[in-house]
Amino acid sequence: MNVGAFRAMRLILHRELSLSFRRPDQLLQPLVFFLIVTTLFPLALSPEMSLLRDMAPGVLWVAALLSSLLSIDALFKGDADDGTLEQLALSGQSLSVIVIAKTIAHWLVSGAALVVMSPLVATALGIPVDAFATMMFSLALGTLTLSWLGAIGAGLTVGLRRGSVLLSLIVLPLAMPLLIFGASATDRAIGGESPAGALYFLASLCVFTSSLAPLAASAALRITLE
Amino acid sequence: MGGYARFVWPSISLAIGVLIWNIWSARRHHARALLRATRAVAMARSEEQ
Amino acid sequence: MWTWFYRLASPPHVYRTAAALTPWFYAVAAVLIGYGLVDGLVFAPRDYQQGDAFRIIYVHAPSAWLSLFAYTTMAVAGAIALIWRIKVGYAVAAAAAPIGASFTLSALVTGSLWGRPMWGTYWAWDPRLTSELILLFLYFGVISLRQAFEDPARGDRAAALLGVVGVVNVPIVHFSVTWWNSLHQGGTVMRLGKPEMPGSMLWPLLAMLAGFMFFFGAVLCMRVRGEVLNRERQSTWVREAVKS
């Protein structure tokens, strides 16, 4: 029985989401981490609202980056440990299909959730309401790109002991351009200027990464599984 | 150096230092590889006998 | 004609050829760098705006150029190894990484020392400096990833893939000064059209650039020999090679 690629993707997506929701505590951890990290900055730097507003885009983005990294480690690990990954690889479906489905599932429960939570955090950091749309849009694009980059890193490090530190070491330099433009977009929106340029750049980064990352991540998995 | 000596000379020395490090490191790397290869060959030979 | 290509992929051939090339590369590099340093540091005229501080260019620009060239070499060698399964590619990629990282560090520090008199600061978060710093992190990532695997063959493949993924940063570093409003000066040599520098300043710079390239060739050859030995320890040709 030949399962088409889209159907396979939907099945895997459904499986990933069901598995995630079965462990709601694990689902919430990155989100709580996001909240905690954003809290650290006002505590460590300054609780002054006007000062917070200046660093708010950066704080938001760094926190999103770090909490995304935290959860990406588990993208392939669970399935690699119990042999499911090999079964999926042997199933005849292209590895890209599996990578795409898993990464989108990961983004839905981490990045998308962060985007939903961001107005809350933004208020705490003094970001004005009219910047919210830009902020959420840039975070949506950015976290999706991060999930793709993380998938490449996860694919490369899945079999390694202490792979999670190496994962961060690999993904963070690749994510730096993202950070620059994402924070810049929100920053401009706060300042009342048009964030269009930065948003276009973010969007192109997202498209570029979305098209190439599945290839890279499946190549990485093939290296691991051989 | 027109007053800029304290920037120019450390830069030049660092760059030359990096060149020297590269030569030293490459030689060391090759020497160790050669040592390990010699040992591997010797072991293989003794196993054959 | 293809025999030339096949030989290029053969480890013993690479081992011997690298050995033969190394002294020549060193000799040419020594002459070029020797001339470049003397002419650049002593005889080249002082810059109108920067005074003698501009002389740092004679080590900074070659280092930066080499940091990009080494990464590209590493990425291309890794890609060739991954796509066509030519094992020697992994040896070249592994050899290029530490060399490139050292030159990236050199570029960053010499650039920082030049920045102090020129811009008033040791560091600025401008696109070129930032992307060059990212390049350093990428080098560390590739080197660490290769060493993290217990199976060296798997480590080679993973590191090669990561090298290819990261190569997207190389054009970013190079074009950052044209794409963005950068503190760093724009391209004076590596651009279409005539370079903007007067000849007396340009020749030593070109000599240094070429000299560093030959130096890279020499050191790469030496390291590749070591890397090939490490990977081919069990092969029969190695027995003959280690006797000499």
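**In chain C, residues 24 or more positions apart account for 75% of the contacts with a separation of 6 or more.** Two residues are in contact here if their C-beta atoms, placed from the backbone, lie within 7 Å. What you're looking at is a predicted model, where local features need pLDDT of at least 70, side-chain atom pairs count only at pLDDT 80 or more, and totals for chains, interfaces and linings use all residues. Residues are numbered from 1 along each chain as its sequence is written, while chains are lettered from A and ligands numbered from 1 in the order in which they are written. The C-alpha trace of chain C spans about 60 × 35 × 30 Å along its principal axes.

**Trp203(C) sits in helix α8 of chain C, residues 199-232.** Trp203(C) counts as partly exposed because 17 C-beta neighbours lie inside 10 Å. For the cut-offs: a residue is buried if 20 or more other C-beta atoms lie within 10 Å of its own, exposed if 12 or fewer, and partly exposed in between, with C-beta atoms placed from the backbone. Ser106(C) is 97 residues away from Trp203(C) in sequence, and their C-alpha atoms are 22 Å apart. Across chain C, 48% of the 244 residues count as buried.

**Chain A is built from 10 helices and zero strands.** The radius of gyration of chain A is 18 Å, close to the 17 Å that the globule rule gives for 226 residues, so chain A is as compact as a globular protein of that length. Its C-alpha trace spans about 60 × 30 × 30 Å along the principal axes. Buried residues make up 46% of the 226 in chain A. Take the contacts in chain A between residues at least 6 apart in sequence, and 80% of them join residues at least 24 apart.

**Arg10(A) lies in helix α1 of chain A, residues 5-22.** With 13 other C-beta atoms within 10 Å, Arg10(A) comes out as partly exposed. Thr145(A) is 135 residues from Arg10(A) along the chain, with 20 Å between the two C-alpha atoms.

**α9(A) and α10(A) pack at an angle of about 150 degrees, with their axes 8 Å apart.** The two helices are therefore roughly antiparallel to each other. Axes are lines fitted to C-alpha atoms, for helices over the stretch in contact, and angles run from 0 to 180 degrees between N-to-C directions. Angles under 35 degrees count as roughly parallel, over 145 as roughly antiparallel, 65 to 115 as roughly perpendicular and the rest as oblique. The crossing of α9(A) and α10(A) is left-handed, a label used if the near helix is turned anticlockwise from the far one by less than a right angle (right-handed if clockwise). On the α9(A) side, the residues include Pro177(A), Phe181(A) and Arg188(A), and they meet residues of α10(A) including Phe201(A) and Leu205(A). By class, this contact of α9(A) with α10(A) has nine nonpolar, two polar and one charged residue. Here Ala, Val, Leu, Ile, Met, Phe, Trp, Tyr, Cys and Pro count as nonpolar, Asp, Glu, Lys and Arg as charged, and the others, Gly among them, as polar.

**Where chain A touches chain C, 13 residues of chain A are in contact with 16 of chain C.** α8 (132-157), α9 (163-190) and α10 (196-225) of chain A each give two or more residues to this side. The largest share, six residues, comes from α9(A). That side of chain A has 13 nonpolar, no polar and no charged residues.

**α9(A) and helix α5 of chain C (residues 127-148) cross at roughly 155 degrees, their axes coming within 9 Å.** That makes α9(A) roughly antiparallel to α5(C). The crossing of α9(A) and α5(C) is left-handed. Among the residues making the contact are Leu166(A), Pro173(A) and Met176(A) of α9(A), and Phe137(C), Phe140(C) and Gly141(C) of α5(C). The contact of α9(A) with α5(C) has 11 nonpolar, two polar and no charged residues.

**Of the two pairs of chains in contact, chains B and C share the most contacts.** Chain A and chain B, on the other hand, don't touch, and their nearest C-alpha atoms are 24 Å apart.

How values were computed. Helices (H or I, at least four residues) and strands (E, at least two) are DSSP runs, numbered from the N terminus. The radius of gyration is taken over C-alpha atoms; the globule rule is 2.2 Å times the number of residues to the power 0.38.
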